[in-house]
Every structure is written in structure tokens, then in C-alpha cells.
Amino acid sequence: MAIVNQFRFMGRCFGDAYLTRTKADNLRVQFMLLVKDDFKKDYNYIPCMCYREIAQQATAFCRDNNVVAVEGQVCSTEVFDKQKGISYMKVVFIVTSIMLIAKGKKKWLSERKFTDIVEMYQPDEFIEKIK
């Protein structure tokens, strides 16, 4: 049996995409995707990240409340929190394909609130390992 590291999600964008550049000056976009969880009758918040050409598409597609379909690979790394003295696993969903399904109409949260959420999932030390 082959093990495949692949995901596919369809959900609503939670805020606008957050555009930055890597140390190698490549585009990097982060966004949060709300995906319905049928078991809990709730939503899961999926931290997504993409690079280069896909990042340009994500910047255009990932606006607050837009519905997108994404696929890609799951990446993780161990992170050590010096203040708390603990290590933990950080998981990031690296998007390799994105498609706009529908445009949203309702504003869910402020840009500052979204930036705070994205910063919780900012794996800078991890990004340098995978690039």
C-alpha cells in the first residue's frame, strides 16, 4: 500500500490572503480556510500557505468569504517555544492548486484580526527548511 501525502479542501476564506516574501524574494501567501466538519457540525480552521505562481492566484481568489477549492501537501515541523520551554508540532497545508468556486458577499472580520490569526500559524523557521 502506497502512502500519499495529499489533501483536498473546499471552504470559505476567513479574511483576505496575507502576502509576504521569503528570504529568497519569492511570493508567499497565507490564508485561513473554514472547512465544514460534518462530524462535529462545526468548522475547522485550516492554515494554508502557497508560493510563487500559486501565491499570485491565491492573492486574487482568497478574499473574505470567497469559496475556494485547494489541494496540496501537508508539512510539519517540530518547534521549540523558548518562553514556555516546550516543543510542539506545527502543521501547515502547502497549496499546490487553487480554484475560485464562488465570490462571498459578507465581511466576517477586520484585517487586523485576520493578521493576528495568521501570525499564530506563521512557521518562518519551517519555511526555510522546505524551500
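**Note on the predicted structure: strands, contacts and surface**

1. A search of the whole structure finds four aromatic pairs; here rings of Phe, Tyr and Trp (its six-membered ring) pair if their centres lie within 6.5 Å, and planes under 30 degrees apart count as stacked, over 60 as edge-to-face and the rest as tilted. One of these pairs joins Phe14 and Tyr45 in an edge-to-face arrangement, with 5.2 Å from centre to centre and 80° between the planes. Distant parts of the chain are linked by this pair, since Phe14 lies in the loop between β1 and β2, Tyr45 lies in strand β4, and 31 residues separate them. A pair of aromatic rings is described by the distance of the centres and the angle of the planes.

2. Residues are numbered from 1 along each chain as its sequence is written, and side-chain values use heavy atoms, with hydrogens and water left out.

3. The strands come next. Helices (H or I, at least four residues) and strands (E, at least two) are DSSP runs, numbered from the N terminus, and two strands pair if DSSP finds at least two bridges between them. Strand β5 (residues 67-81) runs antiparallel to β6, and 15 bridges join the two. Within β6, Lys90 is the residue opposite Thr77. The two strands β5 and β6 form a hairpin with four residues between them, and Gly85 in the turn has a positive phi of about 75°.

4. Strand β6 (residues 86-102) also pairs with strand β4 (residues 42-51), in the parallel sense and over two bridges. Met49 stands opposite Ile94 of β6.

5. A second hairpin deserves attention. Strand β2 (residues 18-21) and strand β3 (residues 27-37) pair in the antiparallel sense over four bridges, and Arg28 in β3 is the bridge partner of Thr20. Five residues lie between β2 and β3 in this hairpin, with Asp25 in the turn. The phi of Asp25 is near 70°, a positive value in a residue other than glycine.

6. How many salt bridges does the structure hold? The structure holds two, a salt bridge being a side-chain nitrogen of Lys or Arg within 4 Å of a carboxyl oxygen of Asp or Glu. In one of them, the side chains of Glu71 and Arg8 meet at 2.9 Å, N to O. Glu71 counts as partly exposed because its relative accessibility is 26%, and Arg8 counts as exposed at 63%.

7. Asp25 forms a salt bridge with Arg21, and the closest N and O atoms are 3.7 Å apart. Asp25 is exposed, with 52% relative accessibility, while Arg21 is partly exposed at 47%.

8. Asn65 shows a positive phi of about 75° although it is not a glycine. Where does Asn65 lie? Its place is in the loop between α1 (52-61) and β5. Asn65 is buried, with a relative accessible area of 6%. The C-alpha atoms of Asn65 and Gly104 are separated by 4.5 Å, although the two residues are 39 residues apart along the chain.

9. On the surface, Met10, Met99 and Ile101 form a nonpolar patch with about 310 Å² of accessible area together. Patches are made of residues with over 30% relative accessible area and no salt bridge, in which like charges are joined within 9 Å and nonpolar side chains (Val, Leu, Ile, Met, Phe, Trp, Tyr) within 5 Å. Accessible areas come from the Shrake-Rupley method with a 1.4 Å probe, and for residues only the protein chains shown count as cover. Met99 belongs to strand β6.

How values were computed
Buried means under 20% relative accessible area, exposed over 50%, partly exposed in between (1.4 Å probe, protein chains only).
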